[in-house]
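Please look through the sequence and the structure shown below before reading on.

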Amino acid sequence: MSPLDRHPADHWDVAIIGGGNAGLCAAITAAEAGARVIVLETAPKPYRGGNSRHTRNFRCMHEGPLSVLVERYDEEEYLEDLLKVTGGRTDEGLARLAIRSSQACLPWMEAHGVRFQPSLSGTLSLARTNAFFMGGGKSLVNAYYRTAEGLGVEVCYEAGVTHLELEGGRITRVDVTQGGQSFSLTPRAVVVASGGFQADLDWLTRAWGPAAKNFLIRGTPYNRGVVLADLLAQGVESVGDPTQCHAVAIDGRAPKFDGGIVTRLDCVPFSIVVNRDAERFYDEGEDVWPKRYAIWGRLVAAQPDQVGHVIIDAKSLELFMPSVFPPIRGETLDELAGKMGLPADRLRATVAAFNAACGDTSAFHPTELDGVATTGIEPPKTNWARPIDTPPFYGYALRTGVTFTYLGLKVDARAQCCTASGPIENLWAAGETMAGSILGQGYLAGFGMTIGTVFGRIAGQEAAAHAR
Amino acid sequence: MHADLLQEARRQSEICNACRYCESYCAVFPAIHRERAFADADLTQLANLCHNCRNCYYACQYTAPHEFALNLPKILAELRQESWDDFAWPRGFARLFQRSGTAIALAAVVGLALMIWAARAIGPAGGEGFYAVLSHNAMVAIFAPAFLLPLASLGVSLRRYWRHVGGRPLTRADILAAFGSAARMRNLAGGHGDGCNFEDEDRFSQARRIAHQLVMYGFLLCFAATSVATVMHYAFAMPAPYPLLSLPKLFGITGGVMLAAGTGWMVALKLRADRALGDASAWGGEIGFVLLLGLVAVSGLALYALGQTAAMPGLLALHLGAVLAFFLLTPFTKMAHGFYRLAALLREAQSRR
Ligand SMILES: Cc1cc2nc3c(=O)[nH]c(=O)nc-3n(C[C@H](O)[C@H](O)[C@H](O)COP(=O)(O)OP(=O)(O)OC[C@H]3O[C@@H](n4cnc5c(N)ncnc54)[C@H](O)[C@@H]3O)c2cc1C
Ligand code: SF4
Ligand code: SF4
């Protein structure tokens, strides 16, 4: 029998909407403060944990070596890294709060069952700044569910929240459906931790434009922004660009939803990327891949049919992390073009022009900006420019993969939501759904989980304190 | 080798190779990450390296109902089982006993019947104690071949395995690494030391690791007891029975208690664990084997406790019958896994260098 059937509507002190990282951190913190907590999670148990189940690390400030983290990564350096990617669209106060609190998060996470490991092979660049979860985000989520249940938190799966009733500056009712049945709860405090709206393709299309229909969603199909839309419609203050999403270029064969980390492709710097018409459209060698991963989502989105095609040759096949699906292979460019649905004559011409523009490649270095560039071609390729001339040739289709949306609930340093007339007495938000308060644009690897952990804990604390 | 199992293991390994989240759990993932493409022999080696701790299953964001349907512990268990069938000598035996607990039980009954028959037909020939039931020479005549033949069979299988996975001559470092890992069951420690996910979904526990080590060290102590007794018998002309404060008894009783407790615990754990995360077709054979090992331990301990009573001859026949079945079936039951596992750990130590 569901906890929703078992208990009266006013049984709970705190209702948490969404059982991902942020919701679970809030649930654990509130339960430890003595509150009676229920987690309402719309996904079935195997898919619990939203996008958090796809993560691998969180970015953590540390003044000296800390657990698996080496050396030091202080507040100023962290903030500088953040400002670089957000182009200044950041609330510095909240950003500093998240950064400063991240240091205490790591031991807290360990104490609540999360285990860390040194940075994964192929991610050495993050060894100093990001602590990796052993087994990835799903093992983190598992550990938190165990810990929460051990503290008496009740968890309802397949329980989708449809409406929060905002009346006189407070949430008076939470409407939820489970197994076709509707329930209304009247908890004393509510924490919204139900992520962004990227899985609602209609909304995404309204926001971005028709191209969004062809986007792939890298994470959960359950973050459809139902609660976000409901609250915004009732005048709750929002933050972040409603038209924008974080998007990267991923393997075009990835599933529509939930393809996760494995669909990433790291071969672009060693390739030429062409569009449907076999024409190049951007400098593939502009910077090392982790720094250019994100802009390619937009670049591909702007091409006809929202698709790009990466072409490499045998020389480059082993220079990047293995892909989840094997590349398409052709003994000749014509064969490859045929298999990839590209016009063969145009592809041959594009490759020939590119090859002719390549110069001395003796300085080629796969992991550094090597300055091996083309001359006299538009767009140029400014690093790693080697001719595509050694068969067999290989190709991958690239599509735009959406990670999250920026539009969210505006919160203050206590994670509390507000309307134009002031704070909402018993409503807090944590995680992706309020991340726009800090991440106005861009993204810093590992910062999503930092925001969720920091503000999840704050929201849990505040909600429990209010309920008492 | 079964092409469809190999293909499925390859598909899953390729997904893991693009993901890498489980890198720290065990030796399998670093071995995966060393490759870009997986030959059949690579997959056989991965399968024998996997200890079925299941951590990577519960941690995986791609398990069913996700379309990637990752279940690495299961596919590697199936492939492992299949590889043991292929490497076994003679071949058909492994297929039977690895999968059928009933076949193992029948073998134990046959062993028992054989011992009763031997006791009746050959008898004491003037011996005392246990030898009053069956003479020492008769025991040797039965158990020496029953011990050596399976060893020869295992030798053939292991050579086949070693060739298949491309093993090189062993060095001291390989041996230290492999035995070190087995001695601590490092691959059941989970990388973080919290153990594995076996009997209670995603909860980490040391239960399986401890139960396994009770069985392993219990067995080794019992084996040591028998070996010491053999040396005492032949080299020092000190035949059984031995007093309590003697090496054979101290080893034997401690080992027997550990073995009995370990096998009982192991069965309890296996009953609670999800069968869909292993080779379901081998479940009966595994349980049968663990019970047989438990019977060896319990009958041995009973023999010690009730050796002076009228129950002794019956218990002795039971114990010796169980031991006989256990020895003869060693290459064809779960017992063989220890040998293959060591070979895989040795090979892994070589590859890591
Ligand atoms: C492939 C991928 C990899 C990533 N890797 C990293 C990384 O390594 N490090 C990092 O910091 N960030 C990473 N991110 C970003 C990170 O996933 C998010 O920042 C973080 O998970 C957000 O946590 P959350 O708890 O706010 O949301 P989620 O974890 O998405 O949880 C939201 C939950 O709410 C539930 N829900 C939604 N609507 C409702 C409703 N109406 N009623 C009830 N429940 C509802 C959902 O089912 C879900 O379980 C990654 C994202 C993706 C897609
Ligand atoms: S088992 Fe799953 S989570 Fe682990 S490495 Fe493989 S794909 Fe990744
Ligand atoms: S089941 Fe355990 S030992 Fe086997 S591959 Fe997975 S984590 Fe490694």
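## A covered strand and a ligand shell

Strand S15 (residues 307–313) of chain A is mostly covered, since 7 of its 7 residues are buried, where buried means under 20% relative accessible area with a 1.4 Å probe and protein chains only. Strands here are DSSP runs of E with at least two residues, and helices are runs of H or I with at least four, numbered from the N terminus. This is a predicted model, in which local features need pLDDT of at least 70, side-chain atom pairs count only at pLDDT 80 or more, and totals for chains, interfaces and linings use all residues. Residues are numbered from 1 along each chain as its sequence is written, while chains are lettered from A and ligands numbered from 1 in the order in which they are written.

In a regular strand the side chains alternate between the two faces of the sheet. On one side of S15(A) lie A:Val307, A:His309, A:Ile311 and A:Asp313, on the other A:Gly308, A:Val310 and A:Ile312, and all of these are buried.

| Partner of S15(A) | Sense | Bridges |
|---|---|---|
| S14(A), residues 272–274 | antiparallel | 3 bridges |
| S17(A), residues 393–405 | antiparallel | 7 bridges |

In chain B, the residues around ligand 2, each with a heavy atom within 4 Å of it, include B:Cys16, B:Arg20 and B:Gln61. Helix H1 (residues 3–19) of chain B gives the most to this shell, with 3 residues.

Note on methods: Side-chain values use heavy atoms; hydrogens and water are left out. Buried means under 20% relative accessible area, exposed over 50%, partly exposed in between (1.4 Å probe, protein chains only). Two strands pair if DSSP finds at least two bridges between them.
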